[in-house]
Amino acid sequence: MLKILLADDSLPSLMATQIMLEKMGHDVLVATDGEQALALALRERFDLILLDEYMPGLPGSAVTQRIRKSKNENNGAIIIALSGVHKEEECQRLYDSGIDELIIKPVTADRLLVAVTKHFPISSASIDSSVVSQLFADLGDEVGARLIGMFVEELVQMSVRISQALKNDDTEEYLAVAHILKNSAALYGANELASFARQLNENTEQFAGDLAAAATGLLERINEAHHAAKEYLSSAERKGQ
């Protein structure tokens, strides 16, 4: 869960974005103008700050510059601008102010999820969030969540199979599980798991004499990917509530 400062002078936009972030499981504090946003940023620490650009008084870019240039707990925080600008020079002006990311309005749940997980990966070593985000974008939230759920169930089954194989020293089962995961894990962004499974399945000779140790390494990666995929599924379910 991230502690997020969200600022937007449009109440409907503010409330919609706040709800989307809270459904992702984050703690959101809101501001309705630039002065209020700056005061909060200088007073409290946030993991992430989202600023509408065209607010009365201080625009988001001015708030960003003051946060970056003053001594405070947020001068190194991730700052995302929210704006309807499309022209390249306008986008560059926002980046020059010190932002880390730009979300073009209208803000949608998919755009938020991609931007947030880009800077705060759910588990960067276990799941490539960009792969899963693209899966959701291509297939929709409902189908994406269903497929991630199936992948979570598959990882549970593979963990049980490898654990049992280790008890029986069943080398054929090690390789059977690796064969399944070398493709399915890559499909869902579990790149480290997929790479290790591929090496075990296709280059068995390099593990000769120590297949049990390799299987133990595979089991560890299965469990890491399972944990990360469950977190992603929980996030998607909260978003869809």
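**Close-up views: salt bridges and nonpolar cores**

The whole structure holds 12 salt bridges (side-chain nitrogen of Lys or Arg within 4 Å of a carboxyl oxygen of Asp or Glu). The model is predicted, with local features needing pLDDT of at least 70 and side-chain atom pairs pLDDT 80 or more, while totals for chains, interfaces and linings use all residues. Residues are numbered from 1 along each chain as its sequence is written, and side-chain values use heavy atoms, without hydrogens and water.

**View A. Asp100 and Arg68 form a salt bridge, 2.8 Å from N to O.** Asp100 lies in the loop between helix 4 (88-96) and strand 5 (101-104), and Arg68, 32 residues apart from it, in helix 3 (residues 60-69). Helices (H or I, at least four residues) and strands (E, at least two) are DSSP runs, numbered from the N terminus. Asp100 is partly exposed at 29% relative accessible area. Buried means under 20%, exposed over 50% and partly exposed in between (1.4 Å probe, protein chains only).

**View B. Lys182 pairs with Glu202 in a salt bridge, 3.2 Å from N to O.** The partners sit in helix 8 and helix 9, 20 residues apart. Lys182 is buried at 11% relative accessibility, whereas Glu202 is partly exposed at 45%.

**View C. The largest nonpolar core has 36 residues.** Such a core is a set of buried Ala, Val, Leu, Ile, Met, Phe, Trp, Tyr and Cys residues joined through side-chain atoms within 4.5 Å. Helix 10 (211-240) is one of the contributing elements and gives the largest share, 11 residues. Leu218 touches residues including Ile162, Tyr174 and Phe196 (heavy atoms within 4.5 Å).

Methods
Lists of a residue's contacts leave out its neighbours within four places in sequence.
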